[in-house]
Structure formats: C-alpha cells, structure tokens
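Hi everyone, thanks for coming. Let me bring the model up on the screen, and then we can walk through it together.

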Amino acid sequence: MDERHMAHALRLGRRGMGRCWPNPAVGCVIVRDGRVVGRGWTQPGGRPHAETEALAEAGEAARGATAYVTLEPCSHQGRTPPCTGALIRAGVARVVAPLADNDPRVSGRGFRALLKAGIEVTTGILAEEAARDHAGFFLRVDQGRPFVTLKLASSFDGRIATATGESRWITGEAARAAVHGLRASHDAVMVGAGTARADNPSLTVRGWGEVPQPVRIVASRLIDVPLMSSLASTAREVPVWMVHGAEAPATLRKAWAACGARLLACPVRGGRLDPAALLAALGEAGLTRVFCEGGGQLAASLLGADLVDELVGFTAGIALGAEGRPGIGALGVDSLADAPRFRLVEHADLGGDILHRWRRA
C-alpha cells in the first residue's frame, strides 16, 4: 500500500515539472483508513507547496491520517511557512517520504521535527524513482547547475537536415507533439545561435492547452541572432534569455534588452561559451531542468564536458546521406572508451518514428 500511494504522489508531483522552479516538483497524497482524502502538488511559481494543497483538501480528515510526500517536508521559514508545521497542526499520524531533501536548510531537519512531534516517519519507499524526478533540484543544490536533457530529431543515419538545411519535417506529427510535451516538463528550452538563425524557432509549447511556457534560452557568444526573429518579437510575452560572451557588441546587448530579453554573461573558452559556466549561470538564475534542442555545436559542447544527463532521440525512417547535416558537432573522440555513453531506459513507436530515451551510464 505504501508503494501504491507513493506512486500516486509521484505522478501528482510530475504535474509541477517545468512550472515550479526553483522549488522541487513535489506531490502529496493523504490517506485515512485506506481512502485518499487529500491530494496536492507544488503549484506554479513554487507555492503553495504540495503538502499545503493536500491538507487543504483533506480538512479534518487529515487527523490521524498518513501523508505520502515525494520529498522530505520543508522545515524552514521561506516565502511560505514550513510544511512540517502544517502537518503537525493537521494532526497526521504518519509521514511517508522516499528520501531527504538535500537543501542544507532542510536536510534531516524536517524528519526530526516530525519525529519530535510524535509523528511516525517512514523513508525509502520508491526512493530511486523520487531521486530521478528530483534530479534537477538536487543537481542545482549540489552542483549549482540544472539537469540537462538533449533532444535530437534525426534521420536513420543521424542527420538533422539536408545539405541545403531543409529539416521540416524529418519526423512526423506524433513525434513533434511529444517534443512539445517534453518542453512543457522542463523549466527552459535552449538552442544555440546557429539554430536560432537558421530555423527562427518560437520554442514555445503548442498543442497542450493552456500551460505555463518555458523560458527560451539562446546560447550566443556574440548575440548574433536577428532582431526581426520570432524570439525577439515575443520576448515580452514569453521570457527570452540570451547567454553571451564578454565580447558581444554593446549595441546588440542593448537592443535585445530593449526587446525584453534577459542577458546573462558567460565566460568564453576556446572561442565558445564555456559549457560549465553556461549551466552554472542558469542554475544561479533558478533553473532546475533544461531541454536542449541543439544545434550541433552546442550539443557537442555539452556532451564533451559531460554535462548531458539524458538523451531523447526521435528517429525517422529516412536516410539523408553523408552530405546531410549531423546532429552533433565534432567531439574529438579517438577511442570508444572516451566517447560519452548512455544506457537505454525507454523506447516506443510514435506514429512510425522511434522514440528512444537514454540516461547517463
């Protein structure tokens, strides 16, 4: 029963992914006498928290109940009161949480507060699944960077466009719809300057109803992206962040700022934005999950620095040949032992295209 209710709480928590950064996407289920009496998940912007939402729905039924929470309840006073206090006041008898919060303001303190109040605490239930769901939050706390998903939509032979640059559409409608769903589950969508220039993308979520839009990021050392682009014209409606090097012309910086874009300076190494510094800047800004859609140079930079946590591929049954444009730029790999390696965790047929998801080996 504990696993069943925790799985329910994890599913609820995933509803907050891409919507509640910099906070973790937590889910909570309150169960009394075998019946669910309250449900909640972290709301857009990070509050109210999942426990607060679930307790509000449960009301008096929370007294003597078990609360299933996908992360250790917070015990510090932030913009909202601590969830441990809310659980104690509600009179819950037991709290089940898979793992501790790694935020030093919370880690272990939430559990100790509950135990001190006489509430039974059970940990370790579906801990591996919870750690995966909270990986972005944990990475930001521990390493100062967000979780990075790299997406490639390519031909059977790994090309993302013909030699002339034609790429719409290599994959079909079902695969493109899945990409929009992935965008919605991340805090931000990121592309390199070359992709921004060649494709003039909007990088918004479409076809999934009214959902909060992710931040749109362009990694561009010189900010050499047309000011007549879709990104520039909509920067005041959906956030646009331009990550640039110190040598980016002041005129372009001012112009993009005037469009409503946020500018983030980043060190340059070897003539390109330093990938570790790039992600550190995004982590400092609060992002926990970034969905990178290329292009090839940005993908190679992140892979070469061992900063990609997950690969998501959409492969079509079409061959474009050696003259087509590769999905990933040069990595300088001379030995297979040096190549970035991932393990397959999911594959599926999407309208004739193949979805394959890989995580760090």
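Let's begin with the second largest pocket, which holds about 630 Å³ of space. By pocket I mean an open set of points on a 1 Å grid over the protein atoms alone, with protein on both sides within 12 Å along at least five of seven lines. The volume is the space filled by probe spheres set on the points, and grid points are joined across faces, edges and corners.

Before going on, please keep in mind that this is a predicted model: local features need pLDDT of at least 70, side-chain atom pairs count only at pLDDT 80 or more, and totals for chains, interfaces and linings use all residues. Residues are numbered from 1 along each chain as its sequence is written, and side-chain values use heavy atoms, with hydrogens and water left out.

So who lines this pocket? There are 30 lining residues, and Asn23, Pro24, Gly46, His49 and Arg105 lie nearest the centre; lining means having an atom within 4 Å of a point. Helix 2 (50-58) and helix 6 (135-143) each supply at least two of the lining residues, and helix 6 gives the largest share, with three. Helices here are DSSP runs of H or I with at least four residues, strands are runs of E with at least two, and both are numbered from the N terminus. By type, the pocket lining has 13 nonpolar, eight polar and nine charged residues. Ala, Val, Leu, Ile, Met, Phe, Trp, Tyr, Cys and Pro count as nonpolar, Asp, Glu, Lys and Arg as charged, and the others, Gly among them, as polar.

Now, how many cavities of 30 Å³ or more are there? The count is one, where a cavity is a set of grid points that a 1.4 Å probe fits but cannot get out of. The largest cavity holds about 110 Å³. Its lining has 17 residues, with Asn23, Pro24, Ala25, Thr288 and Arg289 nearest the centre. Helix 6 again provides the largest share, three residues. The cavity lining divides into seven nonpolar, six polar and four charged residues.

Finally, let's step back to the whole chain. You can look for 12 helices and 18 strands. The C-alpha atoms fill a box of roughly 65 × 45 × 40 Å, taken along the principal axes. Buried residues, those under 20% relative accessible area with a 1.4 Å probe and protein chains only, make up 52% of the 361 residues.

How values were computed:
Buried < 20%, exposed > 50% of the residue type's maximum accessible area, 1.4 Å probe, protein only.
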